[in-house]
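I opened my notebook to get to know a structure I had not looked at before. Here is what I looked up, entry by entry.

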Amino acid sequence: MKLSKETEQEIRQLYQAYWDAYLSGDFKTFASFLDDHIVIYGTAVGEIFSTKEEALRFYTATAEEMTGKADFRNRHIKIQPVGDTIAIFDESQLFILIDETWTYYGYARITGIFEHKNSGWKLVHQHGSFPDSRTEDGQQVAREKIREENLQ
């Protein structure tokens, strides 16, 4: 698929509206972007879902942790076609509200895959991660830091 400027702009707007709905607690709008069989791998241990229903159950149950209390800043979003889908690569800084103060939580990476369905573009896959803060540039594993932590 060749990505036209119009399609790229449409996906960018959908993606922004998706996150705006999620972070404001508008789960009806948020749900409208999800495919029924979406696969989500989130950052929390139990945040693995293979259906829209599972994801919505978790996100509505934990909404008070994020609604109005989280903000992605300094975002770098890249959009590119992958086969018949559109991939979004989103790198940002996550800030959370703690005691009336916006506090840096960590560097976040999110990948989303949109697929065009009969009802329009739907998010079919999403993966979020926080890179290992113990590693340094050029490392995959921080062996020495892990060894020191385990000794403590």
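Predicted model: local features only at pLDDT ≥ 70, side-chain atom pairs only at ≥ 80, totals over all residues.

**Entry 1: one glycine**

Is Gly 128 buried or exposed? Its relative accessible area is 11%, which is under the 20% cut-off, so I noted Gly 128 as buried. I found Gly 128 in strand β6. Leaving out residues up to four places away in sequence, I listed what Gly 128 touches: Tyr 41, Gly 42, Thr 43, Arg 109 and Ile 110. I also checked Gly 128 against Ile 79: they are 49 residues apart in sequence, and their C-alpha atoms are 16 Å apart in space.

**Entry 2: the whole chain**

Next I stepped back to see the chain as a whole. I counted 5 helices and 6 strands in the protein chain. Along the sequence, they come in the pattern α-α-β-β-α-α-β-β-β-β-α. I fitted a box along the principal axes, and the C-alpha atoms fill roughly 55 × 35 × 30 Å. The protein chain has 152 residues, and 34% of them count as buried. I then took the contacts with a separation of 6 or more, and 46% of these join residues 24 or more positions apart.

In soluble globular proteins, nonpolar side chains tend to be buried together. With that in mind, I looked for the largest nonpolar core. This core has 32 residues, and the ones that touch the most other members are Phe 30, Tyr 59 and Phe 114. At least two core residues come from each of α1, α2 (27-32), β1 (34-41), α3, β3 (70-82), β4, β5 and β6. Which element gives the largest share of this core? I found that α1 does, with 7 residues.

I stayed with Phe 30 for a moment. Its relative accessible area is 1%, so Phe 30 is buried. Apart from residues up to four places away in sequence, Phe 30 touches Tyr 18, Ala 21, Tyr 22, Leu 56 and Tyr 59.

**Entry 3: aromatic rings**

A pair of aromatic rings is described by the distance of the centres and the angle of the planes. My count came to 17 aromatic pairs. For Trp 19 and Phe 72, the ring centres are 5.1 Å apart and the planes stand at 75 degrees, so I wrote this pair down as edge-to-face. Trp 19 belongs to helix α1 and Phe 72 to strand β3, so their pair ties together parts that are 53 residues apart in sequence. Both Trp 19 and Phe 72 are buried.

The rings of Tyr 22 and Phe 30 have centres 5.3 Å apart and planes at 40 degrees, so that pair is tilted. Tyr 22 is buried too, with a relative accessible area of 9%. I also noted one aromatic cluster whose members include Tyr 15, Trp 19, Tyr 22, Phe 30, Tyr 59 and Phe 72.

**Entry 4: the largest pocket**

The largest pocket came out at a volume of about 530 Å³. It is lined by 28 residues, and those closest to its centre are Tyr 22, Thr 43, Glu 47, Met 66 and Leu 94. Elements that give two or more residues to the lining include α1 (5-24), α4 (63-66) and β5 (101-117). How do the lining residues divide? I sorted them into 17 nonpolar, 7 polar and 4 charged.

Methods
Residues numbered from 1 in each chain as written. Heavy atoms only, no water. 1 Å grid on protein atoms, 1.4 Å probe; cavity = no way out; pocket = protein on both sides within 12 Å on 5 of 7 lines; lining within 4 Å. Points joined across faces, edges and corners; volume = space filled by probe spheres on them. Helix = DSSP H or I, 4+ residues; strand = E, 2+ residues; numbered from the N terminus. Nonpolar A, V, L, I, M, F, W, Y, C, P; charged D, E, K, R; others polar. Buried < 20%, exposed > 50% of the residue type's maximum accessible area, 1.4 Å probe, protein only. Contact = heavy atoms within 4.5 Å. Core = buried A, V, L, I, M, F, W, Y, C linked by side-chain atoms within 4.5 Å. Phe/Tyr/Trp six-rings, centres within 6.5 Å; stacked < 30°, edge-to-face > 60°.
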